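I wrote them while going through the model.

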Amino acid sequence: MHQDEITDIVERAAKLVAEQYVFPEVAGRIAAHLGDRLRAGAYAGATDAAALGALVTADLQEANGDLHLRLKHHETPLADVADDPAEVQFVQLAARTMGGMARVERLPGNVGLLEIAPYLFPPQLAGDLLVAALRLLAGTDALLLDLRGNRGGSPDMVALVCGWFFAEPAHLHTMHERAGTTHQYWSAAWIPVPRYAPDKPVLVLTGPETFSGGEELAYDLQQLGRATVVGERTRGGAHPRVGHRLHPHLELTVPVARPVNAVSGTNWEGCGVAPDVETPAGAARDVAYRRALEALLAADRPGPAAAEAREALATLG
C-alpha cells in the first residue's frame with residue numbers, strides 16, 4: 001500500500017472513532033493514539049490491506065480491549081456504501097445457512113437440540129426459520145441450546161428467541177447510546193408457536209468462540225434464571241457497532257452503544273459470560289445432555305420417555 005492511502009485510511013478511522021465511539025472520553029484517547037502511531041511510522045510497513053487492518057486493530061483495542069472496535073479485513077470487496085458495507089454478504093450468508101438454524105434434533109430421552117450458528121440473523125431474514133425450528137422442538141421435555149459456534153447477530157432475534165421461554169414479556173436490557181438516548185429490549189410478547197413450558201430444563205452451551213449476540217442470548221437467559229450455561233467463558237463483546245467502508249477490503253467497526261442488563265445492571269463486555277457449569281467446550285454437549293436427562297428422571301415423569309431417558313443416560317457412561 002502507498003503511504004498516502006495508509007494515511008487517509010488511518011486519519012478517517014481516527015475521526016470516526018472520535019465522533020462515534022460509545023465512550024467519548026476513551027474515543028479521544030484512541031483517536032489521538034492512532035494519530036501518534038501514524039506520525040511515528042507504525043503503519044509504514046503494511047504491505048497490504050490485511051496487514052494494515054491487523055496493525056490498526058491492535059492499536060484501536062489497546063485502550064480498553066473492545067473486541068468490536070476494529071479495522072476488519074474482508075477477502076471479498078465491500079459494497080461502495082458509507083455504512084453497513086457487509087449487508088449484502090450478510091443476507092447471502094443467511095440464505096446459505098438456513099437462517100442460522102444449523103441443527104434441530106430430538107435426542108433420546110425427548111431432549112431437544114437447537115444449534116444456532118454462525119449468527120442470530122435478524123427476524124426479517126430468519127424469523128420464519130427460527131419459528132419452524134421451535135415448532136419442531138415444542139414437544140421435547142428439555143432443551144440444549146448450542147451457541148458454541150455463534151459469533152453474534154441481532155438483538156431483535158435474541159428477543160424473539162427469548163419470547164419462546166417466557167409466558168410474559170421479560171425486560172432483557174436497556175441500550176444506552178452515545179448520543180444519550182436509550183432503547184429497551186423485551187422478550188417477544190407474541191410468537192406463533194406454543195411457549196416452552198417454564199418447568200422444562202434449558203441448558204445453553206457456550207465456548208470461547210461464542211460472541212456478541214450469542215453472548216447476549218446466553219447472558220439474558222442466565223440472568224433471568226431460565227437457563228443453565230454449560231461450557232467455557234465466552235469472548236466478551238457486548239457493544240453493538242456500525243460499519244464504515246474505508247477501503248475496498250477494510251471495514252472500520254465502531255461500537256456506538258452499550259447494553260445494561262435488567263437484572264445484573266451491567267453486561268458481559270470484556271469479561272464474557274461465565275458458565276454455571278464449567279467444562280471444556282468440546283465436552284459441553286455431553287455434560288449438558290447428562291444434566292438434562294438427570295433432571296427429567298428426577299422429575300419422575302411417567303411414560304416411555306422416562307425409560308428412554310434412563311437408557312440414554314446409561315449409554316453416556
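Predicted model: local features only at pLDDT ≥ 70, side-chain atom pairs only at ≥ 80, totals over all residues.

Residues are numbered from 1 along each chain as its sequence is written, and side-chain values rest on heavy atoms, without hydrogens or water.

**Entry 1: aromatic rings**

I looked up Phe-165 and Tyr-196, whose ring centres are 6.2 Å apart with planes at 85°, so I recorded the pair as edge-to-face. I took helices (H or I, at least four residues) and strands (E, at least two) as DSSP runs numbered from the N terminus. Phe-165 is in the loop between α6 (155–163) and β5 (171–177), and Tyr-196 is in the loop between β6 (182–186) and β7 (202–206), so the pair ties together parts 31 residues apart in sequence. I found both Phe-165 and Tyr-196 buried (under 20% relative accessible area; exposed is over 50% and partly exposed in between, with a 1.4 Å probe and protein chains only).

I also recorded one aromatic cluster, formed by Phe-90, Tyr-119 and Phe-121.

At Phe-211, I found the charged end of Arg-235 over the ring, 4.1 Å from its centre (the rule asks for NZ of Lys or CZ of Arg within 6 Å of the ring centre and within 35 degrees of the ring normal).

**Entry 2: helix packing**

Which two values describe a pair of packed helices? They are the angle between the axes and the distance between the axes. I used axes fitted as lines to C-alpha atoms, for helices over the stretch in contact, with angles from 0 to 180 degrees between N-to-C directions.

The axes of α6 and helix α7 (residues 213–223) come within 10 Å and cross at roughly 35°. I noted this crossing as right-handed (the near helix is turned clockwise from the far one by less than a right angle; anticlockwise is left-handed). On the α6 side I listed Pro-155, Val-158, Val-161 and Cys-162, which meet residues of α7 including Leu-217 and Leu-221.

Helix α8 (residues 284–298) packs with helix α9 (residues 304–315) at about 145°, the axes being 10 Å apart. The crossing of α8 and α9 is left-handed. Among the residues making the contact are Tyr-289 and Leu-293 of α8 and Ala-309 and Leu-313 of α9.

**Entry 3: single residues**

I turned to Thr-206 in strand β7. Thr-206 has 0% relative accessibility and therefore counts as buried. A polar atom of its side chain lies 2.9 Å from the backbone oxygen of Glu-232.

I placed Thr-174 in strand β5 and found this residue buried, at a relative accessible area of 12%. The side chains of Thr-174 and His-171 are joined by a polar contact of 3.2 Å (N or O atoms within 3.5 Å; within protein, one able to donate a hydrogen and the other to accept it, with sequence-adjacent residues counted only if both atoms are side-chain atoms).

His-239 counts as buried at 3% relative accessibility. Its side chain makes a polar contact of 2.9 Å with the side chain of Asp-66. I recorded 5.8 Å between the C-alpha atoms of His-239 and Ala-257, which are 18 residues apart along the chain.

Note on methods. Phe/Tyr/Trp six-rings, centres within 6.5 Å; stacked < 30°, edge-to-face > 60°. Contact = heavy atoms within 4.5 Å.
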